[in-house]
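My entries are below, in the order I worked.

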Amino acid sequence: MTKAVQFDHYGDIDVLEVRDVPRPVPAAGQVVVRVKAAGINPGEAMIRKGALHDRFPATFPSGQGSDLAGVVAELGAGVDTFAVGDEVLGFTNARASHAEFVAVPADQLTAKPAAVPWEVAGSLFVAGSTAYAAVRAVALTPADTVAVTAAAGGVGTVAVQLAKRAGATVLGVAGPGNDDWLTAHGVIPVNHGDRLAQRLTAAAPHGRVDAFLDFFGGGYVELAVTGLGVAPERVDTIIDFAAAQRFGVHTAGNAEGADARVLAELADLVAAGDLEVPIAATFALDDVRRAYQVLERRHTRGKIVLVP
């Protein structure tokens with residue numbers, strides 16, 4: 001037997017349980033990974049609460065988690081791209097990475113560079129692929145100024161760096177406690193609050209915002225389109241799907257960036273020192289409820305990681 005996080009019905013944090021379950025057996029084309037680190041994400045909390053039932057329904061008992069990094073423990077038939085003992089990072093679409101062992105299709109894994117810490121490798125997929133797809137969706141150029149909400153969150157911290165790599169001027173919307181981190185990464189901090197549209201325009205070098213990435217929700221899409229005059233095709237939200245439908249903006253995120261090749265590219269940037277993935281906190285698997293309590297306050301910089 002081994003341990004895994006499960007829940008039997010939608011609800012608050014207290015529905016989460018760490019249970020003894022059978023160790024997974026790899027099917028053909030799969031690899032069993034002994035998990036060393038697994039990130040947690042706001043979308044998982046929303047799924048657990050039932051808020052995304054129409055888009056991502058749960059089947060009970062449900063596991064949790066997409067991000068993972070660990071060591072290959074067993075190979076399924078037909079797998080010749082990895083060997084037992086290889087260090088890997090990747091993702092599962094089976095809501096199963098918050099566990100000691102997980103069976104994963106081999107094509108959803110890539111080799112972990114030695115220079116990438118376990119906590120970073122295990123939390124790179126959702127935030128990294130989401131940021132990658134969102135930045136790609138708004139087609140940034142060196143002539144652009146882009147505003148990024150939740151700029152110090154798990155996705156935002158990666159997105160602002162990728163936007164800078166595209167050559168854009170980046171305005172990072174976050175609380176004042178993140179000003180120094182954003183400034184150190186070449187981002188112009190703009191604190192959330194009243195008169196945000198005016199303050200973003202004032203902070204933009206050319207007096208305009210050309211593109212907008214919304215990683216928080218709560219009216220930012222409307223602010224981008226009607227308050228800042230950003231063209232809908234230059235706006236992406238990963239959370240406000242009602243506003244996306246109303247205003248016709250992009251919703252590119254994790255699903256559009258879910259590719260082991262994207263993950264390998266991001267891991268190589270981390271290994272080279274060209275991309276920082278801040279780790280806000282780590283928790284043991286048994287402390288999964290406490291980890292989500294911290295996550296759901298929405299005030300951490302970077303990623304929260306389970307370390308089984």
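What follows are my notes, grouped by element.

**Ground rules.** I am working on a predicted model, where local features need pLDDT of at least 70, side-chain atom pairs count only at pLDDT 80 or more, and totals for chains, interfaces and linings use all residues. Residues are numbered from 1 along each chain as its sequence is written, and side-chain values use heavy atoms, with hydrogens and water left out.

Entry 1: I checked the UniProt record; an unreviewed entry lists residues 11-306 as "domain: Enoyl reductase (ER)". Its positions are in the numbering used here, feature names are shortened, and annotations may be inferred rather than shown by experiment. Over residues 11-306 I read 31% helix and 23% strand. The end C-alpha atoms of that stretch are 20 Å apart. Helices (H or I, at least four residues) and strands (E, at least two) are DSSP runs, numbered from the N terminus.

**Entry 2: helix 4.** I started with its length. Helix 4 covers residues 154-165, which is 12 residues. The expected span is 1.5 Å times one less than the number of residues.

Is helix 4 largely enclosed or open? I found 10 of its 12 residues buried, so helix 4 is largely enclosed by the rest of the structure. Here buried means under 20% relative accessible area, exposed over 50%, and partly exposed in between (1.4 Å probe, protein chains only). The buried set includes Gly 154, Val 155, Val 158 and Leu 162. What do the buried residues pack against? I listed helix 3 (124-137), strand 8 (145-148), strand 9 (169-174), helix 5 (179-184), helix 10 (260-271) and strand 14 (303-307). After helix 4 comes Gly 167, with a positive phi near 95°.

**Entry 3: helix 3 against helix 4.** I took the axes next. They come within 8 Å and cross at roughly 45°. Axes are lines fitted to C-alpha atoms, for helices over the stretch in contact, and angles run from 0 to 180 degrees between N-to-C directions. Helix 3 and helix 4 are therefore oblique to each other. The scale I used: under 35 degrees is roughly parallel, over 145 roughly antiparallel, 65 to 115 roughly perpendicular, and the rest oblique. The crossing is right-handed. By definition, that is the near helix turned clockwise from the far one by less than a right angle, and left-handed is anticlockwise. On the helix 3 side I noted residues including Ala 127, Ala 131 and Val 135. On the helix 4 side, Val 155, Ala 159 and Leu 162 are among them. An α-helix has 3.6 residues a turn, so residues three or four places apart point the same way.

**Entry 4: helix 3 against helix 10.** These two pack at an angle of about 100°, with axes 10 Å apart. That makes helix 3 roughly perpendicular to helix 10. The contact (heavy atoms within 4.5 Å) includes Leu 124, Phe 125 and Tyr 132 of helix 3, and Val 262, Leu 263 and Leu 266 of helix 10.

**Entry 5: helix 6 against helix 7.** The axes of helix 6 (residues 196-203) and helix 7 (residues 220-227) come within 10 Å and cross at roughly 60°. I log the pair as oblique and the crossing as right-handed. Leu 196, Ala 197 and Leu 200 of helix 6 make the contact with Tyr 220, Leu 223 and Gly 227 of helix 7.

**Entry 6: two long-range positions.** I looked up Val 116, in the loop between strand 7 (109-111) and helix 2 (118-121). Val 116 is buried, at 1% relative accessible area. Its C-alpha is 8.5 Å from that of Asp 268, 152 residues away in sequence. Leaving aside neighbours within four places, Val 116 contacts Ala 121, Ala 267, Val 270 and Ala 271.

Leu 295 lies in helix 11 (residues 288-295). It counts as buried at 11%. Leu 295 and Ile 40 are 255 residues apart in sequence, yet 8.0 Å apart C-alpha to C-alpha.

Entry 7: Most residues other than glycine have a negative phi, and most peptide bonds are trans. I flagged a cis bond joining Phe 60 and Pro 61, with omega about -5°. Pro 61 lies in the loop between helix 1 (42-49) and strand 4 (67-75). Ala 150 has a positive phi near 50°. Ala 150 sits in the loop between strand 8 and helix 4 and is partly exposed at 22%. Arg 195 also has a positive phi, near 55°. Arg 195 is in the loop between strand 10 (188-191) and helix 6, and at 55% it counts as exposed.
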